[in-house]
Amino acid sequence: MNLKERKKRIQRWIGVGADGDFGKDTVAKLEKVLGITEHLKRKLPPQRPEAVEVGAEFDKRTEKNLATLHEVVQPAFRKLVRAARRELADDGLEYRALSGTRTWEEQDKLYAQGRTKPGDRVTKARGGYSNHNFGIAVDFGVFRGGTYLDRSRPAEAKEAHERVSAIAKRLDLNWGGDWTSLKDYPHFEYDTGLTVAEMRKRVRRGEVYL
């Protein structure tokens, strides 16, 4: 990806016109997003948001899975986990990322499970047909202590996922529990504005989809 395309991606992410030129509108929005404007108003020393957004603030499995995501969507999912944990803490619950990006080959292996290989069916998507294959989706689990509630107490886990879904919508993330068929309550994904088929074509052509 050349420099101008990278600049356009930044502009799309912060919500300004994506022309690849960093004019005063782009700079002003960047200052606001990064908190520079507020720090100048309050005469505070500079603070890099990376110091808050990046780092081992979650359990190892969550950190590992978040790190597999496309760099554009990682901040939104970090915000989701942070807010979800605050939301569920009073009930003694913990929200963990169980699955992030999968290669197309890994997706094919999952698809074969329960079909041509032993085990239960866990997906209806072949390689290249899942949002997980594009680094924009995460499956989460609800835990109390070391107990995985999605398996042992599914109704309680579903209620927790529903509560988190309200947070996700404020971050413009889609929830699998809103699907009309084969609801996937632990699943959240970033909306690229493209269908999976369109993203698949762009990847095969070596084009940008985010």
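Two strands pair if DSSP finds at least two bridges between them. Helices (H or I, at least four residues) and strands (E, at least two) are themselves DSSP runs, numbered from the N terminus. What you see here is a predicted model, in which local features need pLDDT of at least 70 and side-chain atom pairs count only at pLDDT 80 or more, while totals for chains, interfaces and linings use all residues. Residues are numbered from 1 along each chain as its sequence is written, and side-chain values use heavy atoms, with hydrogens and water left out.

**View 1. The whole protein, before we zoom in.** The protein has 10 helices and 5 strands. Of its 210 residues, 38% are buried, where buried means under 20% relative accessible area, exposed means over 50%, and partly exposed is in between (1.4 Å probe, protein chains only). Now for contacts, meaning heavy atoms within 4.5 Å. Among those with a separation of 6 or more, 55% are between residues 24 or more positions apart.

**View 2. Strand β5 and its two partners.** Strand β5 covers residues 187-190. It pairs with β2 (residues 137-144) in the antiparallel sense, over 3 bridges. Look for Asp139, whose bridge partner in β5 is His187. Strand β4 (residues 173-175) also pairs with β5 in the antiparallel sense, again over 3 bridges. Here the bridge partner of Leu173 is Tyr190 of β5. Which way do the side chains of β5 point? His187 and Glu189 go one way, Phe188 and Tyr190 go the other, and all of them are buried.

**View 3. The largest nonpolar core.** A nonpolar core is a set of buried Ala, Val, Leu, Ile, Met, Phe, Trp, Tyr and Cys residues joined through side-chain atoms within 4.5 Å. The largest one here has 34 residues, and those touching the most other members are Val73, Phe77, Leu80, Tyr95, Phe140, Phe188 and Tyr190. At least two residues each come from α6, β1 (94-99), β2, α9 (154-170), β4, β5 and α10. Which element gives the largest share? That is α6, with 7 residues. In soluble globular proteins, nonpolar side chains tend to be buried together. Zoom in on Phe140: leaving aside its neighbours within four places in sequence, its contacts include Phe77, Leu80, Tyr95, His161, Pro186 and Phe188.

**View 4. Helix α6 from end to end.** Helix α6 runs over residues 74-88, so to speak 15 residues, and reaches 21 Å from its first C-alpha to its last. That is close to the 21 Å expected at 1.5 Å a residue, the expected span being 1.5 Å times one less than the number of residues. Its buried residues include Ala76, Phe77, Leu80, Val81, Ala84 and Leu88, and also the arginines Arg78, Arg82 and Arg85.

**View 5. One side of helix α10.** In α10 (residues 196-204), look for the buried residues Val196, Met199 and Arg200. Why do they sit on the same side of α10? Because they cover an arc of only 100° around the axis, the arc being that of the directions from the helix axis to the C-beta atoms. The buried residues of α10 pack against α7. Just after α10 comes Gly206, with a positive phi of about 75°.

**View 6. Gln11, tucked into helix α1.** Gln11 belongs to α1 (residues 3-14). Is Gln11 buried or exposed? It is buried, because its relative accessible area is 0%. Its side chain joins that of Thr26 through a polar contact of 3.0 Å. A polar contact is a pair of N or O atoms within 3.5 Å; within protein, one must be able to donate a hydrogen and the other to accept it, and residues adjacent in sequence count only if both atoms are side-chain atoms. Leaving aside neighbours within four places in sequence, Gln11 also contacts Val16, Asp19 and Phe22, among others.

**View 7. Arg115 and the backbone oxygens.** Arg115 lies in the loop between α7 (104-112) and β2. Its relative accessibility is 29%, so Arg115 counts as partly exposed. The Arg115 side chain reaches the backbone oxygen of Tyr111 at 2.7 Å, and one of its polar atoms lies 3.1 Å from the backbone oxygen of Thr123.

**View 8. Two loop residues with positive phi.** Most residues other than glycine have a negative phi. Asp172, in the loop between α9 and β4, has a positive phi near 60°. Leu182, in the loop between β4 and β5, has a positive phi of about 50°. Asp172 is exposed, with a relative accessible area of 56%, and Leu182 is exposed, with a value of 56%.
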